[in-house]
Amino acid sequence: MSGKLTFEALKQAVASGEIDTVIAAQVDMQGRLMGKRFQAEYFVESAWEETHSCNYLQATDMEMATVEGYKATSWQTGYGDYIMKPDLGTLRRIPWLEGTALVLCDVLDHHTHKEVPHSPRSILKKQVARLEAMGMQPFMASELEFFLFKESYEQAHDKGLNSLTPISTYNEDYHIFQTTKEEDVMRALRNGLQGADIPVENSKGEADAGQEEINVRYAEALTMADRHVIIKNATKEIAWQNGKSASFMAKWDDKAAGSSSHIHQSLWSGKGESLFYDAGDKHGMSGLMKSYLAGLLKHASEITYFLAPNINSYKRFAAGTFAPTKAIWSLDNRTAGYRVCAQGTKAVRVECRVGGADLNPYLAMAALLAAGIEGMEKELELEPQFVGDAYGGEGVREIPKTLRAATQALDGSKMLRSALGDDVVDHYVHAGRVEQNEYDKVVTNWEVKRGFERS
């Protein structure tokens, strides 16, 4: 695709004046792009080898606060540097930003030059390497939903983020006419991503007023996670350029549908053969796929934190909203937390429907792979599929209902501690507890409206 850049092509584009800016970005704990804009000439001269950032970027909350209590970095250790090592395989043009290219960076320890274990890209790469050692390649696709608003970000903040106006006035799920009215943003997004070496499949209206979905091509797990974070950043930048705003909150309004990030996943051999497909099985599911899925289910509560990392994430899990409440599997059933798609075909795969649009894709994919790997290693037996409306299912495995419960399950996960390392799990357990503690101190509008006069 035209957007992909080799380093040699970048140097030529810089020499001709076509590209004057190179963004070098790492991915933080929240899945955001953090980094620097380089004068392109300087980047191709020296910064392409490495640059530096404060190490607090991998130990901060949504507000970019210097959070106390992390083992990896603190005021006591002086908040030193990490190395940002550009992965030149991610180098690409950014068509919606004039004269700009982007490269994603791995995060290295300044002293050892080894990857920082708790950095999101490193966490996913470790699980991918485990599968590669088993002769397998994980392929994934994340479907991203978000809400588009008529107000710009600045206007939204001026209104106190109250009384925002979704881009449409009615449920626009699959509506062509309504989405025509949104093409200033969505066409620019599709074409921009396509031009940035992110192959787009489609966009569509989703299940509420102002809700959108963007789908891109299935890819190897790390590539898909890289695409995911660029898609989110692109959506916000292009919405802003058009005087609008976009939100990836899991639940922006209690009366509106939630925004998800369903993650499709399957394993393939080095020869391009699906390891999930078995033509002799009545559903086309190989024994390997069944064990992988059994691992996801066994460890469903433990991995939920990485699928739903914020207080708001848990407001999305509501019956009758197409967001799951039960961690069970079913065939082509959108009420299940784990849906088997394309049964009986070589495209058979698992769709995890638990994750919200606010997840960090590297962490979510790594957790899913870790659980699936244990399922395969232990040859776990897959429980019978759930049939019917999972919302009404009784006596079946539920998704944790709060961030507090999910963080506790993460803390106690022997599987994730073995797969990711104790320090990594402790790092994110601390993040979950900090988020919960901050929320517990806040007096909400709901409390004030309910109790100001009547309590």
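The buried residues of α6 are Val185, Met186, Leu189, Gly192, Leu193 and Gly195, where buried means under 20% relative accessible area with a 1.4 Å probe and protein chains only. This is a predicted model, in which local features need pLDDT of at least 70 and side-chain atom pairs count only at pLDDT 80 or more, while totals for chains, interfaces and linings use all residues. Residues are numbered from 1 along each chain as its sequence is written, and side-chain values use heavy atoms, with hydrogens and water left out.

**Helix α6**
- Helix α6 covers residues 183-195 and reaches 17 Å from its first C-alpha to its last, close to the 18 Å expected at 1.5 Å a residue, the expected span being 1.5 Å times one less than the number of residues.
- Helices (H or I, at least four residues) and strands (E, at least two) are DSSP runs, numbered from the N terminus.
- The buried residues of α6 pack against β5, β7, β8, β9 and α7, with contact meaning heavy atoms within 4.5 Å.
- Just after α6, Asp197 takes a positive phi of about 65°.

**Residue Gln58**
- Gln58 lies in the loop between β3 (51-54) and β4 (81-86), and is buried, with a relative accessible area of 0%.
- The protein chain has 14 helices and 15 strands, and buried residues make up 58% of its 455 residues.
- Along its principal axes, the C-alpha trace of the protein chain spans about 65 × 60 × 55 Å.

Definitions and conventions: Buried < 20%, exposed > 50% of the residue type's maximum accessible area, 1.4 Å probe, protein only.
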